[in-house]
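Reader: I'm new to looking at ligands in protein models. Could you walk me through how to read one?

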Amino acid sequence: MCHDARSPAFNPMVGHDARDGAQCGLPSHDTGCGDFYPIRISPAPSFRFVDKIGKLFLRESVVAPGTVEWSIKRLCFEHDTEPYAQDRDKRIKEIREKRGIELHSLVSHTLFNPAETILKNGGKPPLTYQAFCRTLRKPPKPVGDAPAAIPEPSKDLMDVDVVPIPSLQDLGYADLNEEFTPFGGGETEGLRRLDKMLADKKWVAEFEKPKGNPTAFIKPATTCLSPYLKFGCVSVRLFYARLLTVYSEMKKHSHPPVSLEGQLLWREFFYTVGYGTINYDRMVGNPICRQIPWKDDEVLLSRWRDGQTGFPWIDAAMIQLRKWGWMHHLARHAVACFLTRGDLFVYWEKGRDVFDRLLVDSDWAINNGNWMWLSASAFFAQYHRIYSPITFAKKHDPEGNYIKHFIPVLKDMPKAYIYEPWTAPLSVQKAANCIIGKDYPKPVVDHAIANKKCRDRMGAAFALNKAAGSGQPTQEQVNALNEKLTAKLDEDSDASIAAESSDGEPPPSPKPKPKSKRQRTLTEYKKK
Ligand code: FAD
């Protein structure tokens with residue numbers, strides 16, 4: 001995703017620099033290809049594409065010499081809340097102090113300044129949405145229209161090459177025949193989507209998130225603006241201001257937390273908590289996270305990640321994630337619950353990593369916050385309330401069209417069995433050209449039994465955390481609980497995985513798929 005316009009509505013930094021023709025602006029919020037011009041420094045090794053497609057990482061090691069070589073007088077960048085960015089910006093500030101450079105770092109990626117919200121809340125981030133909303137005042141308006149022109153980059157860029165944005169081919173997506181993300185990048189596309197969505201005023205006014213259909217994929221039930229918000233292609237302030245205009249034109253509208261406004265405030269909530277919480281992205285050492293003896297089970301994790309759990313609704317959602325880089329919020333709920341407290345009891349951080357790698361809207365503050373929520377590690381405590389991998393989606397899509405689209409091998413499975421194909425008689429499986437255990441996996445767990453085990457484990461973990469009072473249980477205590485629970489629960493030999501299924505057959509190991517060219521090239525690209 002790259003910005004393809006220089007609207008200060010999405011980035012006040014641009015307007016800031018453009019006003020008086022300042023010589024140098026640096027990529028802000030380092031999530032795009034640079035707000036002024038996509039640059040790749042060659043041969044300087046310290047400024048390069050790393051790790052994630054579409055992310056340009058700006059190292060302070062570039063800025064430090066650059067401030068001298070390029071005679072930088074003023075540095076402008078967007079305030080960023082992620083820990084690595086805070087470290088980087090701290091070091092940039094140190095350089096600036098040494099060299100007497102003017103520095104502008106404004107908050108614009110969020111509606112509110114997380115630091116101010118934390119201050120208003122007595123120095124701690126509010127840990128409930130309601131408490132968060134109580135701290136809020138009117139958010140600042142978008143900066144305004146884009147300047148008619150911004151200064152051309154200097155012709156004399158020393159050893160810097162100005163290069164075009166890399167093509168899909170450059171990024172290893174050469175022969176792409178498979179279904180791919182429908183979300184084209186850039187501000188033009190983001191604004192087009194925003195306009196289209198806001199034009200349906202009735203839909204906007206009536207929007208209630210929990211009523212949306214997570215299986216709708218031809219016309220998804222939500223805005224699908226998350227990738228554009230994440231990468232700054234659509235300004236959250238512009239979105240918010242225009243949303244309030246639509247509300248003002250309607251007789252009535254829905255309200256937070258379920259309304260569209262409410263969704264943007266969830267984003268603010270997680271940004272604020274992420275900014276103010278040490279070790280927010282892990283369990284150990286994170287003061288808001290319950291210490292739970294999760295399992296480190298790579299087999300279960302890979303079955304989940306690869307859409308091979310044998311539960312079609314869960315697998316279809318994970319395949320949508322792989323193909324589109326996106327899935328509906330409630331689908332995210334379902335798969336996250338399944339991986340953690342619902343069925344597999346695998347570490348939430350492992351699921352977070354998979355999301356982080358595959359989501360086109362992958363966002364550190366939101367992703368970690370929601371994984372903690374769904375695993376009942378923080379914010380949410382009703383761990384016994386789970387999403388059934390069988391019945392939850394059925395009420396939205398009784399025909400199983402979503403499943404049939406993302407798992408074509410199930411396309412001829414009758415609707416009576418589409419959510420539980422292992423219950424179909426063999427004759428039905430044969431007629432549908434899909435033998436369970438051969439063409440599509442058997443369920444990785446017996447849901448009823450696995451869920452009972454998970455609830456027992458969660459109950460014990462909650463008791464341990466409660467006993468620690470205002471502190472947290474030590475890792476030794478968590479490990480001891482893990483050993484105790486494993487010994488006790490594994491006595492129930494009928495308990496979990498398909499290895500123990502009634503026909504005594506070994507569990508179907510998911511066939512290792514040959515790597516597609518795309519995967520190969522991506523891996524190779526990552527190694528570079
Ligand atoms: P809409 O419903 O149209 O909402 C509009 C915007 O509000 C979204 O684009 C997003 O910026 C914000 N928003 C909506 N729901 C939430 C929420 N629960 N928390 C915070 N902000 C929200 N969202 C991400 O943007 N990046 C992530 O990495 C991410 N990881 C998630 C992981 C899990 C386990 C779960 C359960 C949710 C996650 N979400 C994440 C939140 C949410 O699912 C997505 O923001 C939403 O589905 C994106 O689709 P949309 O733009 O159509 O949302």
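Predicted model: local features only at pLDDT ≥ 70, side-chain atom pairs only at ≥ 80, totals over all residues.

Reader: Where do I start? Which residues are closest to the ligand?

Author: Start with the neighbours. Here 29 residues surround the ligand, and the closest are Thr-222, Thr-223, Cys-224, His-329 and Asp-361. Sorted by class, that shell has 15 nonpolar, 9 polar and 5 charged residues.

Reader: And how do I look for polar contacts? Which atoms should I check?

Author: Look for pairs of N or O atoms within 3.5 Å. For Thr-222, a polar side-chain atom is 2.6 Å from a ligand oxygen. Thr-223 also uses its side chain, with an N or O atom 2.5 Å from an oxygen atom of the ligand. With Leu-225 it's the backbone: an N or O atom there lies 3.1 Å from a ligand oxygen.

Reader: How much of the ligand's accessible area does the protein cover?

Author: On its own the ligand has 820 Å² of accessible area, and the protein covers 99% of that.

Reader: What about the pocket itself? How many residues line it?

Author: The second largest pocket has 43 lining residues, with Lys-209, Gln-263, His-329, His-333 and Asn-370 nearest its centre. It holds about 1,300 Å³ of space. By class, its lining splits into 25 nonpolar, 10 polar and 8 charged residues.

Definitions and conventions. Residues numbered from 1 in each chain as written. Heavy atoms only, no water. Near = heavy atom within 4 Å. Polar contact = N/O pair within 3.5 Å; in protein donor to acceptor, adjacent residues only side chain to side chain. Areas by Shrake-Rupley, 256 points an atom, 1.4 Å probe, with all protein chains shown as cover. Nonpolar A, V, L, I, M, F, W, Y, C, P; charged D, E, K, R; others polar. 1 Å grid on protein atoms, 1.4 Å probe; cavity = no way out; pocket = protein on both sides within 12 Å on 5 of 7 lines; lining within 4 Å. Points joined across faces, edges and corners; volume = space filled by probe spheres on them.
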